[in-house]
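Reader: I am new to this structure. Please take one part and look at it closely.

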Amino acid sequence: MTDEVPIPLRIRRELIAAARAAAPREMVGLLGSRYGGCVTDFVPLPNVAAGRDRFAVDAIAFAAAVQQLEASGASFLGFAHSHPDGPTGLSATDRRELWRDCVQLVCGLGDEQIRAFRLSRETVRELAIVAASDPRFGTAGAAR
Ligand SMILES: [Zn+2]
């Protein structure tokens, strides 16, 4: 698997906007991809976790969002969540709860940075976020 994840500027803006809207709580949503592991879709979900520094999604909302992604031609790529006032890295809880082979984006509101991680086998690796063209604006395919 590649160690980078292309994210169009449009998606980065959506992620930061969703993180701002959810603050002071954590934002959470699903990521979808239509080509080449590029994040082309973001579906915000209600955060049903009790604590302020946690996120959790309802199983039925998750299933509906995956169905929505697949019906529109995307496949499930992973999750995004925010750290309204913490660092953009993974928390200890995040590391424990990572889903294998899924992209996990963490959006920090302090510096408006986004970082990407993936658990493969037993190892958590940080992925490089690269710019991506956006197929909705007519330049499909190119990863950079
Ligand atoms: Zn986190």
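Predicted model: local features only at pLDDT ≥ 70, side-chain atom pairs only at ≥ 80, totals over all residues.

In which sense do β1 and β7 pair, and over how many bridges?

Author: β1 and β7 pair in the parallel sense, over five bridges. Within that pairing, P8 stands opposite A132 in β7.

Now place the pair in the sheet. Seven strands form an open sheet, and their order is β1-β7-β6-β5-β4-β2-β3. The pairing is mixed. Two strands pair on one side only: β1 (4–8) and β3 (41–45) are the edge strands. From one strand to the next, the twist averages 30°.

Stay with β7. This strand covers residues 123–132. Of its ten residues, the number buried is one, so β7 lies largely in the open. Its other partner is β6, and here the sense is antiparallel, again with five bridges. F117 has E126 in β7 as its bridge partner. β6 and β7 also form a hairpin. Two residues lie between the strands. R121 sits in that turn and has a positive phi of about 50°.

Step on to β5. Strand β5 (residues 103–108) pairs with strand β6 (residues 113–120) in the antiparallel sense. Six bridges join them. One of the residues involved is L105, whose bridge partner in β6 is A116.

Next, the helices. Helix α1 (residues 9–22) lies across β1, β2 (28–33), β3, β4 (75–83), β5 and β6. It runs at about 80° to β1.

Which residues of α1 are buried? They are I11, L15, A18, A19 and A22. Seen down the axis of α1, these buried residues fall within an arc of 100°, so they line one face of the helix. The spacing has a simple background. An α-helix has 3.6 residues a turn, so residues three or four places apart point the same way. On the other side of α1, the exposed residues are L9, R13 and A21. The cover over the buried residues includes β1, β2, β3, β4, β5 and β6.

Helix α2 (residues 59–71) lies across β2, β3 and β4. Its direction is at about 160° to β3.

What do these parts build? The largest nonpolar core has 32 residues. L15, L31, L105 and C107 have the most contacts inside it. At least two residues come from each of β1, α1, β2, β3, α2, β4, β5 and β6. α1 gives the most, with five residues.

Leaving out residues up to four places away in sequence, C107 touches L15, I16, A19, A80, S82 and I114. Of these, L15 and A19 are among the buried residues of α1.

End with a contrast. D85 sits in the loop between β4 and α3 (92–97). Is D85 buried or exposed? It has 12 C-beta neighbours inside 10 Å, and 12 or fewer counts as exposed. Beyond its neighbours within four places in sequence, D85 is in contact with L109 and G110. From D85 to P6 the distance is 25 Å, C-alpha to C-alpha. In sequence, D85 and P6 are 79 residues apart.

Definitions and conventions:
Residues numbered from 1 in each chain as written. Pairing = 2+ DSSP bridges. Helix = DSSP H or I, 4+ residues; strand = E, 2+ residues; numbered from the N terminus. Axes fitted to C-alpha atoms, helices over the stretch in contact; angles between N-to-C directions. Contact = placed C-beta atoms within 7 Å. Buried ≥ 20, exposed ≤ 12 C-beta atoms within 10 Å, placed from the backbone. Arc of directions from axis to C-beta. Core = buried A, V, L, I, M, F, W, Y, C linked by C-beta atoms within 7 Å.
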